[in-house]
Amino acid sequence: MVYNWLKSVLSFVSGRHCLLCHHSIDELADDLCPECQHDLPVVRQACQQCGASLETGFLSHCGNCITAPPAYDRVFSAYGYANPIRQLMTAYKFQQQLSLAPIFARALLARIKQPDSRIEALLPVPLHPARLRQRGFNQAIELARPIAQAYQKPMLLKLIRRKRNTETQSNLPAKHRAKNLRGAFECLQPPDYKGVAIIDDVMTTGSTADELARTLKLNGVDYVEVWCVARAHPKNNT
Ligand SMILES: [Zn+2]
Ligand SMILES: [Zn+2]
């Protein structure tokens with residue numbers, strides 16, 4: 001009883017409220033109340049390579065990864081890309097809610113736990129300079145910062161340049177996206193690392209991660225993972 005009383009005093013003093021429903025929360029380490037945490041979209045059965053949700057738990061890989069595997073080796077996503085994560089992501093990217101970055105990073109750290117020993121460095125997906133000017137920040141870099149700090153890994157911010165502004169491709173059908181992205185990235189110097197984790201906010205078709213991983217591997221990287229906050233189910237691709 002004293003403990004419950006103490007918890008409510010702490011939540012009052014700390015002024016911590018659930019990000020989604022704004023009810024006060026007791027656990028100082030949490031950002032969402034237990035009810036909202038329960039409602040978050042999780043991918044229960046994911047393809048071990050591309051992270052897309054699988055219909056059954058019998059297979060380790062989806063049909064796409066068996067017939068035409070992507071250039072990256074493994075995907076970790078904290079959530080599926082559905083509401084309320086979709087709403088929070090929109091607030092993060094388009095309404096400059098940068099305080100969400102460490103919250104998303106914490107969710108991703110909880111999902112990855114102990115990173116594969118081959119991962120030596122983190123590569124936030126580069127933005128085209130025109131897009132960076134428009135948005136004012138690179139959402140992948142802000143996400144990567146607390147992760148790099150937690151795992152004590154360097155961030156590769158000058159390794160790869162985005163040559164073409166392909167981000168408007170969300171209107172394109174999936175098969176045209178991959179084509180549109182070919183040659184979109186350029187490696188500016190030989191990578192010093194053999195294992196790299198690409199950091200991204202949302203992974204939809206995976207074309208961007210695929211092209212980035214292809215560019216890394218063409219330049220001597222052996223092993224590439226993708227760490228994203230949310231992974232869309234291929235059927236939901238927009
Ligand atoms: Zn809540
Ligand atoms: Zn797959």
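Predicted model: local features only at pLDDT ≥ 70, side-chain atom pairs only at ≥ 80, totals over all residues.
1. Residues are numbered from 1 along each chain as its sequence is written, chains are lettered from A and ligands numbered from 1 in the order written, and side-chain values use heavy atoms, without hydrogens and water.

2. The ideal angle for four tetrahedral donors is 109.5 degrees.

3. Cys-21 and Cys-33 link distant parts of the chain, 12 residues apart, and both sit in the loop between helix H1 (2-14) and helix H2 (34-39). Helices (H or I, at least four residues) are DSSP runs, numbered from the N terminus. Cys-21 is partly exposed at 28% relative accessibility, whereas Cys-33 is buried at 4%. Buried means under 20% relative accessible area, exposed over 50%, partly exposed in between (1.4 Å probe, protein chains only).

4. There are three aromatic pairs in the structure. Rings of Phe, Tyr and Trp (its six-membered ring) pair if their centres lie within 6.5 Å; planes under 30 degrees apart are stacked, over 60 edge-to-face, the rest tilted. Tyr-92 and Phe-104 are edge-to-face, 5.5 Å centre to centre with 75° between the planes. Tyr-92 is in helix H4 and Phe-104 in helix H5 (residues 100-112), so this pair ties together parts 12 residues apart in sequence. Both residues, Tyr-92 and Phe-104, are buried.

5. Tyr-92 and Phe-137 form a tilted pair: 5.9 Å between centres, 55° between planes. Phe-137 lies in the loop between helix H6 (129-135) and helix H7 (139-151), so its pairing with Tyr-92 of H4 joins parts 45 residues apart in sequence. Ring pairs thus gather Tyr-92, Phe-104 and Phe-137 into a cluster.

6. Two arginines sit over tyrosine rings. Arg-86 is over the face of Tyr-81, 4.5 Å from the ring centre. The charged end of Arg-118 is over Tyr-223, 3.7 Å from the centre of that ring. The test is CZ of Arg (or NZ of Lys) within 6 Å of the ring centre and within 35 degrees of the ring normal.

How values were computed: Helix = DSSP H or I, 4+ residues; strand = E, 2+ residues; numbered from the N terminus.
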